[in-house]
Amino acid sequence: MSQTALIGDYFAGEARSALTGLQISARNFGGLLFILLAGWVAAISPRYPFAVYGLALLVLPLMWKVIVEPHRVLPDRENPPAVGAGEPPAWRLLFFGLVFLQALTNMFFFIMPTQLPFYFDARGYDSAIMTGLTLSVLMLTGGCLALLYSRIQRTIGYARVFALGYAAMAAGFLLLILPQATLLSFAGAALIGAGYAVVSPSFVAITLNLAPPQRRGLAGGVLTASVFIGQFCSPLLSTPMILGLGFDGLFLCATLVLAGMALVALTGSVTRSS
C-alpha cells in the first residue's frame, strides 16, 4: 500500500511504468531467493524459516534515511471542497473494475502454488522436487519479463498488454492439460509466470493514473487487498472444482476464462484504435 502511494508521489509517466515493472520483478526474484533460503534453513530446524521475515529489518535504516514525505496541499477545513471536486469523472467505477480484475487474475495465478503439489502427486511425480522446480521456473520467467514491462507497455499499450498477458496464462494452463512431459510443465509454468508478470504492473500504473493524489493511499490499500482476496479465494474455488472435474477440468476452465479475457482486451484495443 505504501509502496503504491509513494510510487505515485515520486514518479510520473514512463518512469512510473518502469518502476511498477521493477516492483513486480523484485517480488519474483525476492520470492525465489527467500523460498530457497527458507528451504535450506528448514533442513536445520523447522523454526528457522520464520526468521527470514526478520531480514526486512536490515532494510529499515535505509528506508528511514531515503524516504522523504512528499509535500501535500492540506484541505481547507473551513471551506471543504465538494465531494468529488477536482477528481477525474468515474474514476471510482474504473478503479473498482481494476480491483475485481486483479483479484480474478491472482485467483488464477495462485492455482499454481496451491494446487501444483497435489497435481504432480496425482501424476506420479515426486511432488516436492517438481513443485520446487516448476515454481522456480515460474518466478524466474516472471522476474525477467517484468524487467521489460515498460518497453512492452510503451510499444503496444495497456489493452494489448492485458491481451498478451492473459493469452500467455491461458496457453500455460493449456500446456498443463496436454499428455504429460516434464518440459511441458516447465513451459506452462513459464508462460503463466510471464503472463502474470506482464499484467500485474498495469494494475498499479493505471490506478495511479486514475486516482487523484489525495486518494492514492486509499487506492493503494484497496488494490493491495484485492491481491490477498484473490489468493484467499483461489483454493476455496479451485479445490471443489478439482473434486468435481479433476485437475484437467480445472486447468481447462482456467484456460477458457483467461482466453476470453484476452479476447475482450484485444477487442477493446482494436475498437479504440479504429
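This note goes through a few residues of the structure above, point by point.

1. The model is a predicted one, in which local features need pLDDT of at least 70 and side-chain atom pairs count only at pLDDT 80 or more, while totals for chains, interfaces and linings use all residues. Residues are numbered from 1 along each chain as its sequence is written, and side-chain values use heavy atoms, with hydrogens and water left out.

2. Gly21 lies in helix H2, which spans residues 13-42; helices here are DSSP runs of H or I with at least four residues, numbered from the N terminus. Gly21 is buried, with a relative accessible area of 0%, where buried means under 20%, exposed means over 50% and partly exposed is in between, for a 1.4 Å probe and protein chains only.

3. Which residues is Gly21 in contact with, leaving aside its neighbours within four places in sequence? They are Ala146, Tyr149 and Pro201, contact being heavy atoms within 4.5 Å.

4. The structure holds zero disulfides, a disulfide being a pair of cysteine sulfur atoms within 2.5 Å. Cys144 is partly exposed at a relative accessible area of 41%, and Cys253 is partly exposed at 29%.

Technical notes: Helices (H or I, at least four residues) and strands (E, at least two) are DSSP runs, numbered from the N terminus.
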